[in-house]
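Reader: I'm new to this structure and would like to learn how to read it. Could you walk me through it, one feature at a time?

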Amino acid sequence: MEIKSTLKVINQKGVKGQEGVIPEQSMKRLVGCPEVPSDRIRVGMASYKPGAIEALHWHPIEAFYFVLSGHATVRDYEVKEYQVEAGTAIYAPAGIAGALEWEVKEGLTLLAVRATTESDRKMQFTVDKETKRSYIDLDDLVKRGGVSFKSHY
């Protein structure tokens, strides 16, 4: 019997960054992308510029973040603040109750793990803090493959 290794080793230094969900964010896709496909997870390295603010938002999937460097304030749906820095882990359950907002103090670099590789499940919904209404811009919906969905029937 012959077994061929399927192990992948990715040096993030060789991965080209692309614009993230806000202009002050850069994202390097490491796993769960066309370059390194996976069955169930997407992992990326996100870098934020100092002063960046990613508005309160939620995902229809679980998300996990591990801060590698920098400092930020993270706010939850109830506006409770958490100071995060290197070594901090953040788990955001799926749905609006797991919503979070990033206010980056220094540059921030984190590992971002999503619980799916399906584009139409990686959407990000912004939450209006006053009305609590959620929305996604049409351009973002198109970008994330959310214009058409498979039937559930």
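Reader: How many aromatic pairs does a search of the whole structure find?

Author: Rings of Phe, Tyr and Trp (its six-membered ring) pair if their centres lie within 6.5 Å; planes under 30 degrees apart count as stacked, over 60 as edge-to-face and the rest as tilted. Here the search finds three aromatic pairs. Trp58 and Phe125 are stacked, 4.6 Å centre to centre with 20° between the planes. Trp58 belongs to strand 4 (residues 53-58) and Phe125 to strand 11 (residues 125-127), so this pair ties together parts 67 residues apart in sequence. This is a predicted model, where local features need pLDDT of at least 70 and side-chain atom pairs count only at pLDDT 80 or more, while totals for chains, interfaces and linings use all residues. Residues are numbered from 1 along each chain as its sequence is written, and side-chain values use heavy atoms, leaving out hydrogens and water.

Reader: Are Trp58 and Phe125 buried or exposed?

Author: Buried means under 20% relative accessible area, exposed over 50%, partly exposed in between (1.4 Å probe, protein chains only). Both Trp58 and Phe125 are buried. The rings of Tyr65 and Trp102 have centres 5.3 Å apart and planes at 85°, so that pair is edge-to-face. Tyr65 and Trp102 are buried too, and ring pairs link Tyr48, Tyr65 and Trp102 into a cluster.

Reader: Which residues touch the most other members of the largest nonpolar core?

Author: A nonpolar core is a set of buried Ala, Val, Leu, Ile, Met, Phe, Trp, Tyr and Cys residues joined through side-chain atoms within 4.5 Å. The largest has 19 residues, and Tyr48, Tyr65, Trp102, Leu108 and Leu110 touch the most other members. A second, separate core of eight residues includes Leu56, Trp58, Ala99 and Met123.

Reader: In what order do the six strands of the open sheet come?

Author: Strands (E, at least two residues) and helices (H or I, at least four) are DSSP runs, numbered from the N terminus. Two strands pair if DSSP finds at least two bridges between them. The order in this open sheet is 1-2-3-10-5-8, with antiparallel pairing. Strand 1 (18-19) and strand 8 stand at the edges with a single partner strand each, so one side of each has no neighbour in the sheet. Strand 5 and strand 10 are joined by six bridges, and Val67 stands opposite Leu110 in strand 10.
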